[in-house]
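Please look through the notes below with the structure open beside them.

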Amino acid sequence: MDNIDNTKELEDVSLYLRTASDDEEQLKVQEIRLRKYCQLKGYKVQKLYVDFNYSANDMARPKFKELQDDIKQGIVKKVLVTSYSRIGRDLTDILKFLDLLLTYDCGYDSVDTFDMFSFLGNTQTSLFTFFDKKEFERS
């Protein structure tokens, strides 16, 4: 991890963690993975948003709402999660969140999935609309 170019300014990211259970270990694992990814990519952690014991089916999670408000205010410039499943289980909810990011020129990255704002990621995200929503959620 010493191959990071220390001469350039690190990019600020905000981390979003969520667990549906009261398993604190799961949150620790998420945070460790995200922080290691930040080191690898040259990201500087700006803020941590954690929703503990909240289902992905409920989009009214306190810290998720705070994250969205901070995006709208321009406080958050890039969001980092371990995977899409931390955002939500419903494809429509995920796409609404992606639209919010695009509307407010906020970046997104994920440890386990592709960068949806790259050409390839944009193409793959567009393909979601061709799949049956229920089939996507089941898989």
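1. The count comes to 8 salt bridges, a salt bridge being a side-chain nitrogen of Lys or Arg within 4 Å of a carboxyl oxygen of Asp or Glu. This is a predicted model, in which local features need pLDDT of at least 70, side-chain atom pairs count only at pLDDT 80 or more, and totals for chains, interfaces and linings use all residues. Residues are numbered from 1 along each chain as its sequence is written, and side-chain values use heavy atoms, with hydrogens and water left out.

2. Asp 12 pairs with Lys 44, with 3.4 Å between the closest N and O atoms. Asp 12 sits in strand β1 (residues 11–19) and Lys 44 in strand β2 (residues 43–52), so distant parts of the chain, 32 residues apart, are linked. Helices (H or I, at least four residues) and strands (E, at least two) are DSSP runs, numbered from the N terminus. Asp 12 is partly exposed at 29% relative accessibility, and Lys 44 is partly exposed at 42%. Buried means under 20% relative accessible area, exposed over 50%, and partly exposed in between (1.4 Å probe, protein chains only).

3. Lys 47 and Glu 66 form a salt bridge at 2.8 Å, N to O. Lys 47 is in strand β2 and Glu 66 in helix α2 (residues 62–72), so the pair ties together parts 19 residues apart in sequence. Lys 47 has 31% relative accessibility and Glu 66 has 24%.

4. Glu 66 also forms a salt bridge with Lys 63, the closest N and O atoms being 3.0 Å apart. Both lie in helix α2, 3 residues apart, about one turn of the helix. Through shared partners, salt bridges join Lys 47, Lys 63, Glu 66 and Asp 70 into one network.
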